[in-house]
Amino acid sequence: MRHPIDNIGDRVWAFAARLLGLIMVWFGAMRLMPFGIEAMARQLAAFPGGVPEAWVPVLACAAGGIELLTGLVLLVAPACRWRMWAGLVAMVIWGIGLLPLSGASAWVHAAPYDGFPVIGSGQTLLKHVGIAALGLGIFARQFGSAGGLRTARVGLWLGQLVVLTWIGLMKFTLIEAEGVEGLMRSSPLFSWLYRFFDVQGASNVIGAIELATAALILLWPWQPRIARWGLAMAAATYLLTNTFLVTLPGWQPDLGFPFVAGTGQFLLKDLLLLAGALVLMSPPRWQPAMARRTS
């Protein structure tokens, strides 16, 4: 007879795999669109030496096709080896997405901010730490690797901390305060802050909440019960930020739903951080799925 905790674990990991699959199908399909190819060209330009222009459509279609196929497997495949290998491919795809952080285009280069730690478009790439760990967890759980699953959970924990701490600290800078003003003023859930605070003050409030959330999550390896409060706050944050998709709106100009623009993709990645938070909130007693079936 299986323990109820194992049933919960199966459901949460299945939810995480399907959510990851949905986002990858969504993003992979958009890579095949003209604006997706243009975005790929900008990303490739960040690499040293660049990439020949003629290669860009080929690489965009290849990347989109692999991401789309991987997402489909995660979305529809049951708990099996297909899902296991798709999780590993997903980990590699999202891990490779961190490479542009080494390029100048991911950072802000304007006085008085110049480089680290003030980050520009690289903010969306920071989320890849936790998302790649989610792919590793799906692989390790299906493979039956307890060590891999522990590594994945640590990666999910670090992914939460990186995003909440770094972006939380950024909220105390004017460049970030002005950057999020458009998002917050468009939303009835956040616009009221500007009745009581100026642009910097409203951003400071959000930054303080994000740093407090990160401080609670920091305790996860030692005080998981306390950390769950922070993970719950993080999950609520990720859900709230996705309301900007409607109020901004976050769709690609002239196309609309389901074609999300860069800001929309940035927001949708929060749903995968939400899945990571749910995993960390769950009891560590969970066993790898395939190992449990063979025991």
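Me: What should I know before reading the numbers?
Reply: The model is predicted: local features need pLDDT of at least 70, side-chain atom pairs count only at pLDDT 80 or more, and totals for chains, interfaces and linings use all residues. Residues are numbered from 1 along each chain as its sequence is written, and side-chain values use heavy atoms, with hydrogens and water left out.

Me: How many salt bridges does the structure hold?
Reply: Start with the idea. Side chains of opposite charge can pair when their charged atoms come close. A salt bridge is a side-chain nitrogen of Lys or Arg within 4 Å of a carboxyl oxygen of Asp or Glu. The structure holds five. In one of them, Glu67 meets Arg31 at 2.7 Å, N to O.

Me: Which helices hold Glu67 and Arg31?
Reply: Helices are DSSP runs (H or I, at least four residues), numbered from the N terminus. Glu67 lies in helix H3 (residues 56-76) and Arg31 in helix H1 (residues 4-31), so the pair ties together parts 36 residues apart in sequence.

Me: Is Glu67 buried or exposed?
Reply: Buried means under 20% relative accessible area, exposed over 50%, partly exposed in between (1.4 Å probe, protein chains only). Glu67 is buried, at 3%. Arg31 is partly exposed, at 24%.

Me: Where do Arg185 and Glu181 lie?
Reply: Both lie in helix H8, four residues apart, about one turn of the helix. Arg185 is partly exposed at 45%, and Glu181 is partly exposed at 21%.

Me: What else does the charged end of Arg185 do?
Reply: A charge sits over a ring if NZ of Lys or CZ of Arg is within 6 Å of the ring centre and within 35 degrees of the ring normal. The charged end of Arg185 sits over the ring of Tyr194, 4.0 Å from its centre. Lys127 sits over Phe266 in this way, at 3.4 Å.

Me: How many aromatic pairs are there?
Reply: Rings of Phe, Tyr and Trp (its six-membered ring) pair if their centres lie within 6.5 Å; planes under 30 degrees apart count as stacked, over 60 as edge-to-face and the rest as tilted. The whole structure has seven pairs. Among them, Trp157 and Trp220 have centres 6.2 Å apart and planes at 35°, so the pair is tilted.

Me: Which residues form a cluster through ring pairs?
Reply: Ring pairs link Trp85, Phe139 and Phe143.

Notes
Helices (H or I, at least four residues) and strands (E, at least two) are DSSP runs, numbered from the N terminus.
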